[in-house]
Structure formats: structure tokens, C-alpha cells
Amino acid sequence: MTTSELWGPESAERYDAEETEMASAAVLGATVGFLADLAGDGRALEFAIGTGRVGVPLRERGVPVAGIELSEHMAAVLRRKVDEETLPVVLGDMATTVVPGEFSLVYLVYNTISNLLTQEEQVECFRNAARHLRPGGRFVVELGVPPLRFLPPGQVAVPFDVSERHLGFDTFDIVEQLLVSHHFTRDGEDGRYRRGASRHRYAWPAELDLMARIAGLELERRVADWDGTPFTQESPKHISVWRKSA
Ligand SMILES: C[S@@+](CC[C@H](N)C(=O)[O-])C[C@H]1O[C@@H](n2cnc3c(N)ncnc32)[C@H](O)[C@@H]1O
């Protein structure tokens with residue numbers, strides 16, 4: 001049983017069509033290069049692989065990739081791109097599902113650890129990553145830094161995108177450490193906006209480091225993006241690499 005919301009057929013069909021910056025050649029090239037270097041000559045496991053935005057090009061780069069995915073609809077879109085033998089996917093919860101074999105790299109990108117809405121599940125997710133890693137293997141997480149500095153007393157919402165096609169803002173429940181991302185997206189030329197919302201549990205880098213320790217992993221590197229820009233107090237997100245002792 002997971003607290004994650006299930007991605008349905010419409011979200012799955014729209015996912016690749018949205019052509020976000022995350023799907024651009026610049027972002028994907030750097031992402032795949034970063035992960036391929038860490039995988040070395042071993043295998044990689046993507047938690048919440050979705051439609052294979054990252055997993056498919058990483059496989060094409062020559063890294064053997066497997067995935068875990070909760071939504072059969074997202075996995076079905078991936079399956080149109082690549083067969084099961086080339087990129088196996090197990091349907092299940094990334095906090096508990098076990099995939100056969102050992103991996104040199106487990107990775108969980110695009111803020112998706114926040115889809116697990118309790119601390120306990122996020123800890124289990126780290127434990128599950130460690131369970132799949134060979135000694136010396138790495139777990140990589142890409143996650144936004146909670147933007148609470150933009151939330152003065154009395155205000156509950158922080159905008160993260162204000163553009164012609166999309167209006168996005170987060171609302172916060174500081175007591176429960178939860179946020180809701182609200183999206184208003186213009187679908188066609190008729191001026192109508194589609195409304196969507198998703199729930200997330202935000203966490204600071206330091207909390208993730210503690211989860212990693214609980215799972216037997218040590219922080220090796222933290223950067224601000226896939227190009228390796230140093231992480232600073234102004235960085236809106238981080239990519240963190242934890243290592244299982246050799
Ligand atoms: C933002 S998409 C990211 C997909 C892909 N990793 C990417 O970077 O494009 C989030 C994905 O996480 C999946 N997901 C959410 N909670 C999950 C869970 N507990 N276990 C496995 N997958 C989960 C969703 O079904 C969805 O495919």
C-alpha cells in the first residue's frame with residue numbers, strides 16, 4: 001500500500017507530448033551523461049521510471065536499465081518505445097518492490113521521491129535503493145529545495161511558473177510538511193485552461209542525508225544540476241549522490 005497518487009491514462013498519454021524543458025535535449029543529454037558515468041560497467045535501476053524519459057536514452061547509451069513503476073498507464077507508454085527484454089519494468093511501489101539482481105546505480109529523478117507522502121515511506125525508499133545496490137554502488141536523487149524562503153508569514157502560496165501556457169503555484173501545509181502543486185495549463189487555442197493538482201512531501205537535503213544514513217549510505221556529492229554546477233544556498237534544486245560502502 002502506498003500514499004502515492006496513481007497516474008491515470010490521460011496523464012500518461014499527455015506526459016511526453018508536453019515538451020517541457022525536462023524533456024529537452026540539453027537537460028536529457030546532461031542527465032544521461034551524469035548517470036552513465038556513475039553506472040560505469042554495471043546495471044542501473046530507475047525508481048518511478050514513468051514513460052522512460054531518462055531510462056530509454058540511458059539504455060540507448062549502452063547502460064543496462066531496469067525500472068520500477070507504480071502506474072501501468074505510464075509503463076504502457078514506455079513499452080511502446082522499447083521491449084521488455086531491452087528494458088524490463090516491474091509494476092509496483094518503489095519503496096517496497098524488489099527487482100532481481102544487483103545494480104551499480106539506482107536513481108530517482110524529477111522530484112519523484114516527494115510523491116511518497118510520509119517520512120516512513122521515504123525512508124523505506126532509501127532502504128529499497130540500498131537493498132538493490134552492490135557494494136560501492138550509488139543512489140541518486142533529484143529534488144527541489146523547499147522554497148519556504150519565499151513564504152512570508154500569512155502567505156500560503158508560492159508561484160513557480162507564470163507563462164502564457166502555464167500557471168503553477170505550490171500551497172504549503174508546514175505542520176504536515178506537505179505541499180500541493182497546482183497547475184493551470186492552456187490545452188488548445190480556445191483559451192481554456194485545464195486544472196490539475198498533485199500532493200507532495202517536501203524534505204530538506206539534510207533530512208535526506210539522515211534517511212540515507214539509516215539505509216547505510218553516505219553522501220558522496222551534491223550539485224545543483226546535471227552539469228555539475230556547485231550547490232549553494234541559492235540553488236533551487238539539488239542532485240545528490242549517496243554511496244553504499246564497498
Ligand atoms: C514526474 S513522473 C517522473 C517519471 C520519470 N522518472 C521521468 O523522470 O520522466 C513521476 C512518476 O512517478 C511514478 N510514481 C509515483 N509514486 C510512485 C511509487 N510509489 N512507486 C513507483 N512509481 C511511482 C508515477 O506513476 C510517475 O510515472
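Start by selecting glycine 144: its bridge partner in β11 is lysine 237. Strands here are DSSP runs (E, at least two residues), and helices are DSSP runs too (H or I, at least four residues), both numbered from the N terminus. This is a predicted model, in which local features need pLDDT of at least 70, side-chain atom pairs count only at pLDDT 80 or more, and totals for chains, interfaces and linings use all residues. Residues are numbered from 1 along each chain as its sequence is written, and side-chain values use heavy atoms, with hydrogens and water left out.

Two strands count as paired if DSSP finds at least two bridges between them.

Next, show the whole sheet. It is open, has seven strands in the order β3-β2-β1-β4-β5-β11-β10, and its pairing is mixed. At the edges are β3 (89-91) and β10 (217-223), each pairing on one side only. From one strand to the next the twist averages 20°, with axes taken as lines fitted to C-alpha atoms and angles running from 0 to 180 degrees between N-to-C directions.

Move to the other sheet, an open one of four strands ordered β6-β7-β8-β9 with antiparallel pairing. Its edge strands are β6 (157-162) and β9 (193-201), and each pairs on one side only. Here the twist averages 20° from one strand to the next. Select residues 178-186 for strand β8, which runs antiparallel to β9 and is joined to it by nine bridges. Leucine 178 has arginine 201 as its bridge partner in β9.

Now select the ligand. It is surrounded by 21 residues, the closest being Tyr15, Glu46, Ala48, Glu69 and Asp93; a residue is near if one of its heavy atoms lies within 4 Å. By class, this shell has ten nonpolar, seven polar and four charged residues, with Gly counted as polar.

- Glutamate 69: a polar side-chain atom lies 2.5 Å from an oxygen atom of the ligand.
- Arginine 53: an N or O atom of the side chain is 2.9 Å from a ligand oxygen atom.
- Methionine 94: a polar backbone atom is 2.9 Å from a nitrogen atom of the ligand.

Taken alone the ligand exposes 600 Å², of which the protein buries 98% (Shrake-Rupley method, 1.4 Å probe).

Last, select residues 45-137, which UniProt lists, in an unreviewed entry, as "domain: Methyltransferase". Such annotations may be inferred rather than shown by experiment. The span is 30% helix and 24% strand, and its end C-alpha atoms lie 11 Å apart.

Terms used: A polar contact is a pair of N or O atoms within 3.5 Å; within protein, one must be able to donate a hydrogen and the other to accept it, and residues adjacent in sequence count only if both atoms are side-chain atoms.
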